[in-house]
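Open the model in your viewer and get ready to select residues. We will go stop by stop.

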Amino acid sequence: MNHLATFFLSLALFCSGTSFAQGSPQMNLPHVKLTAGMYLMDTQVAATPEQRATGLMFRRQMPQSEGMLFVFEQASEQCFWMKNTLLPLSAAFVLDDGTIVNLADMAPQTLDSHCSTKPVRFVLEMNQGWFAQKGIKAGFKLSGPPFKSSAKSGTTAP
């Protein structure tokens, strides 16, 4: 019985510490510059499971030319929701070569699922309407270090 009480106390302390840590935006992620035609984007890179899980949650504002690039280990169907996300966002689901597969506008603080229509390794979130204002649609190709192809092997760089 003592072990059970200790377990639940430890679990309660762990959970309360975790929710406190997750209550603030992550602002110190690495950055990468991407381009969409003539438009330059300064994106934070969320590459670990913890960074991807927090994403843009708890942010109250984001400059128009900034966003977040989610990088996954392998291509698969990626689905996003907006729990604890205060900003309306648009997500671009992106192939290894930088081609946008599909776009989704996402309402703040909702649990609606927004998924890629094909397996992708990258998801780029920008302020809602950013892609539409620039005329960027599915099939458009983004450029930047994550999407560069190797001339020798024909593969993409991570």
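**Before you start.** This is a predicted model: local features need pLDDT of at least 70, side-chain atom pairs count only at pLDDT 80 or more, and totals for chains, interfaces and linings use all residues. Residues are numbered from 1 along each chain as its sequence is written, and side-chain values use heavy atoms, leaving out hydrogens and water.

**Stop 1: the sheet.** Show the strands. Helices (H or I, at least four residues) and strands (E, at least two) are DSSP runs, numbered from the N terminus. Six strands make an open sheet, in the order E1-E2-E3-E8-E5-E6, with mixed pairing. Two strands pair if DSSP finds at least two bridges between them. Now select the edges: strand E1 (31-36) and strand E6 (100-106). Each has a single partner strand, so one side of each has no neighbour in the sheet.

Strands of a sheet pair through backbone hydrogen bonds, either parallel or antiparallel. Which way do E1 and strand E2 (residues 39-46) run? They are antiparallel, joined by six bridges. Select Val32 to find Thr43 of E2 opposite.

**Stop 2: a ring pair across the chain.** The whole structure holds six aromatic pairs. Rings of Phe, Tyr and Trp (its six-membered ring) pair if their centres lie within 6.5 Å; planes under 30 degrees apart count as stacked, over 60 as edge-to-face and the rest as tilted. Select Tyr39 and Trp130. Their centres are 6.3 Å apart and their planes are at 75°, so this pair is edge-to-face. Tyr39 lies in strand E2 and Trp130 in helix H3 (residues 130-133), 91 residues apart.

Are they buried or exposed? Buried means under 20% relative accessible area, exposed over 50%, partly exposed in between (1.4 Å probe, protein chains only). Tyr39 is partly exposed at 28%. Trp130 is buried at 2%.

**Stop 3: a ring cluster.** Select Phe70, Phe72, Phe80 and Phe93, which form one aromatic cluster. Phe80 and Phe93 are both buried.

**Stop 4: two loops.** Select Phe58, between helix H2 (49-54) and strand E3 (66-76). Phe58 is not a glycine, yet its phi is positive, about 70°. Finish at Asn84, in the loop between strand E4 (79-80) and strand E5 (89-94). Asn84 has a positive phi too, near 65°, and is partly exposed at 31% relative accessible area.
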